[in-house]
Amino acid sequence: MISIANLLENEKIGGHYFAADTYVRGDLELGLLENRRGDRLLAIPDTLIEAIYAGLEQETGSAARLVLFNCGKWWGKNFYVRFCEEIQDYYDKAIAQMEMVEFLQCFRELWKTSGWGLFDLDTTYYDRGFLVVKITNSPFASKAPENWKRPVCFLEAGILASFFSQLTGRELFCVQTTCESLGADCNHFAIGLGDRVKPAEALVAQELSHEEIMAKLCE
């Protein structure tokens with residue numbers, strides 16, 4: 001039951017902080033984007049994503065994948081810090097104090113509002129030491145070079161590895177097992193300890209399905 005006393009004592013009742021219609025603010029005259037806390041945001045047009053892929057491939061060749069993954073790890077580290085700060089400021093609680101459903105709701109909304117597609121967490125393999133993330137409508141998959149005949153969302157994989165490493169306090173690794181750029185209905189990412197999840201890279205190269213890869217990782 002809702003306590004009237006609590007309603008009167010609380011200065012505010014938190015709404016959905018990361019809702020797209022209130023989280024992102026823009027100033028057309030100054031050409032600035034910022035979130036509702038006043039932090040600057042960076043808009044990345046499709047042409048820039050395509051140019052990043054093309055430029056890295058030309059300059060670094062096959063190492064472009066590693067460069068993107070490491071950039072994602074750096075990005076994910078800062079993304080986690082900002083996410084924690086915003087949760088603390090607005091909801092007056094740390095992530096560790098949130099119910100799982102609250103955390104997932106906030107994270108899904110932030111991911112979507114950031115323009116990175118739709119995020120979902122699959123805990124089917126949780127008791128065997130793996131988390132699976134499903135992302136649909138990824139801009140990084142849709143603008144990937146057609147000649148990369150393998151999953152291409154290395155930037156997102158790095159972000160997820162870094163974010164969940166800090167969230168769990170363990171050094172985790174992330175491997176993408178399916179990709180929209182190859183005709184899959186979503187992008188699957190397997191997250192776990194490095195020595196357990198890295199073998200998935202070879203299984204991806206063998207073009208096994210996501211279910212087959214997870215089954216082999218869990219053996």
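Mentor: The questions below concern a predicted model, and each answer sets a value against a cut-off.

Trainee: Why is Asn187 called buried?

Mentor: Buried means under 20% relative accessible area. Asn187 has 0% relative accessibility, so it counts as buried. Its place is in strand E7.

Trainee: What is Asn187 in contact with, leaving aside its neighbours within four places in sequence?

Mentor: Its contacts include Val133, Lys134, Ile135, Cys153, Gln176 and Thr178.

Trainee: What makes the pair Asn187 and Gln176 a polar contact?

Mentor: The cut-off for a pair of N or O atoms is 3.5 Å. The side chains of Asn187 and Gln176 are joined at 3.3 Å, which is within that limit, so the pair qualifies.

Trainee: How do you know that strand E6 is largely enclosed by the rest of the structure?

Mentor: Strand E6 covers residues 172-178, and seven of its seven residues are buried; therefore the strand is largely enclosed.

Trainee: Why are E6 and E7 said to pair?

Mentor: At least two bridges are needed between two strands. E6 and E7, the latter at residues 187-193, have six bridges in the antiparallel sense, so they pair. Within this pairing, Val175 stands opposite Ala190 in E7.

Trainee: Which annotation does UniProt place at residues 130-193?

Mentor: The unreviewed UniProt entry places the feature "domain: 4-vinyl reductase 4VR" there. In the model, the end C-alpha atoms of this span lie 8 Å apart, and the span is 30% helix and 31% strand.

Trainee: What is the case for Cys84, and how many disulfides are counted?

Mentor: The sulfur of Cys84 has its closest cysteine sulfur in Cys106, at 11 Å, again too far for a bond. The count of disulfides comes to zero.

Trainee: What makes Arg37 and Glu85 a salt bridge?

Mentor: The nitrogen and the carboxyl oxygen must be within 4 Å. For Arg37 and Glu85 the N to O value is 3.1 Å, so the pair meets the rule. Arg37 lies in the loop between strand E2 and strand E3 and Glu85 in helix H4, so the bridge ties together parts that are 48 residues apart in sequence. Arg37, Asp39, Glu85 and Asp89 are linked in a network of salt bridges.

Trainee: Why is Glu171 called exposed, whereas Lys73 is called partly exposed?

Mentor: Exposed means over 50%. Glu171 has a relative accessible area of 57%, so it is exposed. Lys73, at 30%, counts as partly exposed. Their side chains meet in a salt bridge of 3.6 Å, N to O.

Trainee: How do you know that Glu86 and Arg82 are separated by about one helical turn?

Mentor: They are four residues apart in helix H4, which means a separation of about one helical turn. Glu86 is buried at 1%, whereas Arg82 is partly exposed at 21%.

Trainee: How many salt bridges does the structure hold?

Mentor: The structure holds ten.

Conventions: Residues numbered from 1 in each chain as written. Predicted model: local features only at pLDDT ≥ 70, side-chain atom pairs only at ≥ 80, totals over all residues. Heavy atoms only, no water. UniProt positions renumbered as here; feature names shortened; annotations may be inferred. Helix = DSSP H or I, 4+ residues; strand = E, 2+ residues; numbered from the N terminus. Buried < 20%, exposed > 50% of the residue type's maximum accessible area, 1.4 Å probe, protein only. Disulfide = S-S within 2.5 Å. Polar contact = N/O pair within 3.5 Å; in protein donor to acceptor, adjacent residues only side chain to side chain. Contact = heavy atoms within 4.5 Å.
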